Amino acid sequence: MQEITDEALIKELLEKEGSVIFFYTPFCQTCKIAERMLHIVTEAKEMNSVVYTCNLNYFPWVAEVLGIQSVPSLTVIGGNDEKRILFAFESVVTIDKFLN
């Protein structure tokens, strides 16, 4: 997983179809657990695409653009302004199904 720290990169990823972005805040314990589960899934799947992580505190405007209501959240950007967002990280299986 690769951390997003540059505003230009986040803007580019929001326009790129197939971008996978995990949004979190640093003091959120649920976010830390969700990130561990996401790491397990990406390692097991040997994903070809990079999963990006983004501290939502640095880019609050992204929450409004994507409609992110809470963290942790996992977003897959699709074509034609389509996006899928996962808010409930119930299990590794849930994350795996979401990414398929």
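Rings of Phe, Tyr and Trp (its six-membered ring) pair if their centres lie within 6.5 Å; planes under 30 degrees apart count as stacked, over 60 as edge-to-face and the rest as tilted. The model is predicted: local features need pLDDT of at least 70, side-chain atom pairs count only at pLDDT 80 or more, and totals for chains, interfaces and linings use all residues. Numbering starts from 1 along each chain as its sequence is written, and side-chain values use heavy atoms, with hydrogens and water left out.

**View A. Aromatic pairs around Phe22.** The structure holds 2 aromatic pairs. Phe22 and Tyr24 are stacked, at 6.2 Å centre to centre and 15° between the planes. Both residues, Phe22 and Tyr24, are buried (under 20% relative accessible area; exposed is over 50%, partly exposed in between; 1.4 Å probe, protein chains only). Phe22 also pairs with Phe89. That pair is edge-to-face, with 5.8 Å between centres and 90° between planes. It links distant parts of the chain: Phe22 sits in strand β2 (residues 20–24), Phe89 in the loop between β5 (83–86) and α4, 67 residues apart. Helices (H or I, at least four residues) and strands (E, at least two) are DSSP runs, numbered from the N terminus. Phe89 is buried, as is Phe22. Ring pairs join Phe22, Tyr24 and Phe89 into a cluster.

**View B. Packing of α2 on α4.** Helix α2 (residues 29–45) and helix α4 (residues 92–99) pack at about 60°, with their axes 9 Å apart. Axes are lines fitted to C-alpha atoms, for helices over the stretch in contact; angles run from 0 to 180 degrees between N-to-C directions. The two helices, α2 and α4, are therefore oblique to each other (under 35 degrees is roughly parallel, over 145 roughly antiparallel, 65 to 115 roughly perpendicular, the rest oblique). From α2 come Ala34, Met37, Leu38, Ile40, Val41 and Lys45; they meet Val92, Ile95, Asp96 and Leu99 of α4. The residues of this contact of α2 with α4 comprise 8 nonpolar, no polar and 2 charged (Ala, Val, Leu, Ile, Met, Phe, Trp, Tyr, Cys and Pro count as nonpolar, Asp, Glu, Lys and Arg as charged, the others, Gly among them, as polar).

**View C. Thr94 and its contacts.** Thr94 is found in helix α4. Thr94 counts as buried because its relative accessibility is 19%. Neighbours within four places in sequence aside, Thr94 is in contact with Leu86 and Ala88 (heavy atoms within 4.5 Å).

**View D. The cis peptide bond at Pro72.** The bond from Val71 to Pro72 is cis, with omega near 0°. Pro72 lies in the loop between α3 (60–66) and β4 (73–77).
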